[in-house]
Amino acid sequence: MAGRFRPRRRGLVALSAAAGLLVVGWLATTPWLVDHWPRVLAVVLFLFVFVVPRWFVPARSAASLAGVEDPAARGRLEDDRLKLQNDVRIGLLQAVAGVAVIAAVVVTWQQLETDRRQLRQQLEVAGQEQAGERFAQALEQLGSEQLDVRLGGIYGLERVAARASGVATSGTTAAYRPPEGSGEPQGGAPVGSSAEPPSVFWASQDRVQVFEILSAYVRTTSHRPLIGTGGALQIRQPDVNAAVTVLARRTVLDGDPPLDLSGSLLGGARLGWARLAGADLRGADVRGTSLQHAELAGAHLEQALLCGTEFQGADLRGAHLAGAKVSAATGWPSGFDWRAAGARLVESC
């Protein structure tokens, strides 16, 4: 009998291992198992060693031994039964060992994933703290009396925006936007919600704040007394030139508000390939400014001074030029009708 059962041990081991894995997978989601797994393991071992083999191979009944008169034969039958029980016990213990090995691998992998998520969160928090420190330091530098310190503050803000752009584009969408119908104002925190907004939301806010600060810096500082003399903005006001250059080459994501550079004095700036779609340049002085191949679709240039401005190759689709002053030296994209856009020709601005 024992000899007939031994070939089935492998099947018993496989069946027990599969059942054990299903049980382990079901219990893995149970929180109390973390504190009580030694007791569960002790109970399982007790059942597999003492109970299950007796259930699979029970003791022989008196009726089954009625025809066996020889004591030696009865002893051999009892030995076979005990060997069969031992085979069942060994098979079950092998299944437990296999399940334990697989469970250990799964637990180790889950722990590694947990550690990896925690490390990623720690790095994200550290990066946010570092970005906050850089942000505050850059703002302080913008108010310095020294030109080189102000330039450092401008480029520091650019680094903050660049890092925020990387965080915002690492998600499934280019920039965070509140869900439709959620009652959340554009660019604000969720109304009536205590849930923490995703990190991409704060990244978008950092970017927008940097661009608003630099835009305000350009609008106000460009009216201050000139630092140097000359036609180029880089010579007259290097800090204003640096700020507007940073804005012109920024990464533009979906949902970014247009820049507000209204009334700025940007004459002689070199802003080729600038990203200024939808920008507010009403009343701005951009005389002699190079805006070749710039993105100016939908830009507001009403009442702007455009004498000698170079727009060759620029995208001016939908641009608003009502009341803008242009001269014969103003260069336009091929096929663009500046008169229809509302600009008027003057001898000099």
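R219 is partly exposed, with 26% relative accessible area; here buried means under 20%, exposed over 50% and partly exposed in between, using a 1.4 Å probe and protein chains only. Welcome to a predicted model, in which local features need pLDDT of at least 70 and side-chain atom pairs count only at pLDDT 80 or more, while totals for chains, interfaces and linings use all residues. Residues are numbered from 1 along each chain as its sequence is written, and side-chain values use heavy atoms, with hydrogens and water left out.

**R219 and its partner**

- R219 forms a salt bridge with D260, with 3.7 Å between the closest N and O atoms; the term stands for a side-chain nitrogen of Lys or Arg within 4 Å of a carboxyl oxygen of Asp or Glu.
- This pair links distant parts of the chain, 41 residues apart: R219 sits in helix α6 (residues 199-221), and D260 lies in the loop between α8 and β1 (325-326).
- Helices (H or I, at least four residues) and strands (E, at least two) are DSSP runs, numbered from the N terminus.
- D260 is partly exposed too, at 32% relative accessibility.

**Other salt bridges**

- By the salt-bridge rule, the count comes to eight.
- One of them joins the side chains of R150 and D239, at 3.2 Å from N to O.
- Here again distant parts of the chain are linked, with R150 in helix α5 (residues 147-169) and D239 in helix α8 (residues 238-248), 89 residues apart.
- Both ends of this pair are buried: R150 has a relative accessibility of 10%, and D239 has a relative accessible area of 2%.
- Another salt bridge brings together the side chains of R116 and E113, also at 3.2 Å from N to O.
- R116 and E113 are three residues apart in helix α4 (residues 71-142), so about one helical turn separates them.
- R116 itself is partly exposed, and its relative accessible area is 46%.

**A look at E158**

- You will find E158 in helix α5.
- With 22% relative accessibility, E158 counts as partly exposed.
- Setting aside neighbours within four places in sequence, E158 is in contact with V246 and R249, where contact means heavy atoms within 4.5 Å.
- E158 and A138 are 20 residues apart in sequence, and their C-alpha atoms are 9.5 Å apart in space.
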